[in-house]
Amino acid sequence: MSKNMNLTLKVWRQKNSDTKGKFVTYQADHVSPDMSFLEMLDVVNEDLTRKGDDPIHFDHDCREGICGSCSLHINGRPHGPKQGITTCQLHMRSFNNNDTVVIEPWRAEAFPVIKDLAVDRGAFDRIQAAGGFVSVNTGGVPDANAIAIPKVIADEAFNSATCIGCGACVAACKNASAMLFVSAKVSQLALLPQGQPERYRRVQAMVAQMDAEGFGSCTNTGACEAECPKEISITNIARMNRDYFTAKLIKQEEA
Amino acid sequence: MKLDSKIPEGPLAEKWSKHKFNLKLVNPANKRKYTVIVVGTGLAGSSAAASLAALGYNVKAFCYQDSPRRAHSIAAQGGINAAKNYQNDGDSVHRLFYDTIKGGDYRSREANVYRLAEVSVNIIDQCVAQGVPFAREYGGLLDNRSFGGSQVSRTFYARGQTGQQLLLGAYSALNRQINLGKVKMFTRHEMMDIVKIEGEAKGIVTRDLITGEIETHAAHAVLLCTGGYGNVFYLSTNAMGCNVTAAWKAHKRGAFFANPCFTQIHPTCIPVTGDHQSKLTLMSESLRNDGRVWAPKTAESAQKLRNGEIKATDLKEEDRDYFLERKYPAFGNLVPRDVASRNAKEIVDEGRGVGSSGIAVYLDFAESIQRLGEDAVRARYGNLFDMYQQITDENPYKQPMRIYPAVHYTMGGLWVDYNLQTTVKGLYCLGEANFSDHGANRLGASALMQGLADGYFVIPYTLGDYLATIGPDAVDLKNPAFEEAKKNVIDRVNQLLSLKGTKTVTEYHRELGHIMWEYCGMARDKEGLIKAKNMIRELREDFWKNARVSGISNEFNQSLENAGRVADFLELGELMIDDALDREESCGGHFRLESQTEEGEALRDDKNYAYAAAWEYKGDNQPEVLHKEEMVFENIKLSQRSYK
């Protein structure tokens, strides 16, 4: 068992969306390597509370890497230094004694800061409300096994469906593009037979909403794929582009 | 007040069909004149909001998270049961019904559970139609696996993230209705109180978690789909924000709280490592399909393991005790959760626990890796193994996992009748937040089933009956009841913010958790419960004197949010103790040391305790009044539950 560590934290503090923020330095001592990153912040917050200071605000909930709430930019990387995990799954054993750790919120115009490290990701919900669904009402659907789906297709759709909507792809992108997120959502339904009737309408509606939210353009740097905690592939972006152009050029009448 | 469960007359298999026919309908043109409030957007809330909006009602939906997709249903791993009998292995609606009643140790309602089993088959159809990517066979049809407490394979799954995929399905249906303008979504809003007019629920008070504004919302009916209260134990597998506040406020407004002491301690979680820990992580029950649970045969070898003198893999087969397989040959590692948990506790109590703390047993995959190959095991459980390694820094492909029980689910909740209505008219409760279907122990893969059954296929029928009765006249927000409730909420917020003591809210929460786990956890007895009751009272009094809450009301204030939730847990904890004290029998997850068989299994007392305990709030620091709903079994013979 490795020993406890002392760390210097530089944390982005911002009272609300109307106020300018700044970095504030805190000392985190006796940090156990078995703690998660958020548990380390919990301890810092306990100390701040006892001292009468305002604790550092950050979004978090399930703390097991699936709800997509946590969203910290740690030492310049969304969800920190490790591949394929969220901040809540990052453990302090990934750091060394006397390290300085810089903690920022997601930086994107479409994700305004609410307070400290918490941002508003409502844009993601609005993009999905624009078309990320199959238009079926409750009841009156066919038997589940009436729709046979080849396993390879189902698995591919699943890979797209694992997106947790955290926004790391946007935070990683120098253009703050949401293409990886939107394309994963588009791809899941574009691959499955259930998604075919609205396939071309969906991709246009979701892309239009994405543009309206003020996300940047994709310039194929691949940073999104590298930082995605669910390791979603940029082939989704290629698939979405293909569907989008097909929709615009050929399938306009179906859309 | 006499509890009326409104269970329909007639043979079990016909009750729901007959009832649906007898329920009043609201005609399509009138539906748009009604507004329904749905609090919570997990599986129950999202599915209810989407289904009601699709019928034509106006829905206002609320969640405390920043997106409805983040509700804690998202974290369910293993699967969802349905009586499809796709595997031709003898499953049927009746068998799912039977397994669920037996699994719940005969403390749930026959009629509700039968309906649950009946609609289970529709849920799978609905989810597939939405594009939920369930696991499939090479032939393109759906795959199944088996889960604890059953001998058939009826569990549908989506790798280790069935909850996320089902919730994304329900969320997409919700999004569609938001897009159509039928659902108005309020994220980052917490429900703070129920508003009643002439005894009926007509709205809610909320706090906008960003601006701090206290708002009132009127509706013809209110649906609470707000999940369970496992976080009363501080450490649990629940999300950090999971809370009892909505249900507790409803309870204080007249909704009876049923069987609060029925909590599920899940056998396979990653053990506690230290005081800094904020939550525990579940390792899906599906792992017990291929993993074998064991402990060293002797306390001596356990001691050597704890000291690091030997490794688990050093122990020979004959020195290992596969205690579930030994004691329960028919079900083996797939016994229900309460049985598996209790046995792990026994092993630890005997000094045979492993890991540095000695509070763990092994879950071993060596045999299945040998049988199936590492790749096949990775395909089935890869993400769970990765999660384990991330947290413990140990490789479960090379050495057995260490596991120990942790609080996971609460079977108790607001009392509801067959229509899911609480004892307050117009106030409904769905999903984990109600008490209805799981009795004293929930079987694996049944929570997702119940949440979606309530939301997609029960409430769209039963709510209409009430709405047709009250008529579509709009509810007036100017009614003084709204102002009164709003004032109460503002007073409460100010009271919390005035706490400027020396102890943090988390310290109180942790202490409460210790008390609950120690005295109202896997084993309970009268002496301990009485002691715990006093401890909780003292802790609660101390909280209102010495707690410290930061910040102000009109801002994003997580300190305030947490304080409000913990304050409610401090009240609920005492009621759980009262309930556990009242029930002088063992059943399911409620194990009273005074009531066990010679073999140490839970011993029920059907003569005296075959009831649901529904508690009525009578005012601050007043004892709650117990109402009993007898559980009547006409289709199943009560017997000592055996998995041998």
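This is a predicted model: local features need pLDDT of at least 70, side-chain atom pairs count only at pLDDT 80 or more; totals for chains, interfaces and linings use all residues.
A residue is called buried here if 20 or more other C-beta atoms lie within 10 Å of its own.

Take helix 2 of chain A, residues 122–131. Eight of its 10 residues are buried, so the helix is largely enclosed by the rest of the structure. Which residues of helix 2 of chain A are they? They are Ala123(A), Phe124(A), Asp125(A), Ile127(A), Gln128(A), Ala129(A), Ala130(A) and Gly131(A). The cover over these buried residues includes two helices of chain A, helix 5 (179–191) and helix 6 (199–212), and also helix 6 of chain B.

That brings in the other chain, and the contact between the two. Chain B puts 65 residues into the contact and chain A puts in 66. On the side of chain B, six helices each supply at least two residues: helix 3 (43–55), helix 5 (110–130), helix 6 (162–179), helix 12 (374–392), helix 13 (447–470) and helix 17 (558–582). Helix 6 of chain B gives the largest share of that side, nine residues. Sorted by class, the side of chain B that touches chain A has 23 nonpolar, 30 polar and 12 charged residues.

Now chain B as a whole. It has 18 helices and 21 strands. Its C-alpha trace spans about 75 × 60 × 50 Å along the principal axes. How does the radius of gyration of chain B agree with that of a compact globule? For 644 residues a compact globule would come out near 26 Å, and chain B has 24 Å, which agrees. Of the 644 residues in chain B, 61% are buried. Among contacts in chain B with a separation of 6 or more, 75% are between residues 24 or more positions apart.

Next, two sheets in chain B. As background, strands of a sheet pair through backbone hydrogen bonds, either parallel or antiparallel.

One sheet is open, with five strands in the order 5-2-1-9-17 and parallel pairing. Strand 5 (183–186) and strand 17 (427–429) of chain B are its edges, each pairing on one side only. From one strand to the next the twist averages 20°. Inside the sheet, strand 1 (residues 35–39) and strand 9 (residues 221–224) of chain B pair in the parallel sense over four bridges. To pick out a residue, Val38(B) has Leu223(B) in strand 9 of chain B as its bridge partner. Helix 13 of chain B packs on this sheet, touching strand 1, strand 9 and strand 17, and its direction makes about 150° with that of strand 9.

Strand 6 and strand 7 (residues 200–208) of chain B pair over eight bridges, in the antiparallel sense. Lys196(B), for example, stands opposite Ala201(B) in strand 7 of chain B.

Technical notes: Residues are numbered from 1 along each chain as its sequence is written. Chains are lettered from A and ligands numbered from 1 in the order in which they are written. The radius of gyration is taken over C-alpha atoms; the globule rule is 2.2 Å times the number of residues to the power 0.38. A residue is buried if 20 or more other C-beta atoms lie within 10 Å of its own, exposed if 12 or fewer, and partly exposed in between; C-beta atoms are placed from the backbone. Two residues are in contact if their C-beta atoms, placed from the backbone, lie within 7 Å. Ala, Val, Leu, Ile, Met, Phe, Trp, Tyr, Cys and Pro count as nonpolar, Asp, Glu, Lys and Arg as charged, and the others, Gly among them, as polar. Two strands pair if DSSP finds at least two bridges between them. Axes are lines fitted to C-alpha atoms, for helices over the stretch in contact, and angles run from 0 to 180 degrees between N-to-C directions.
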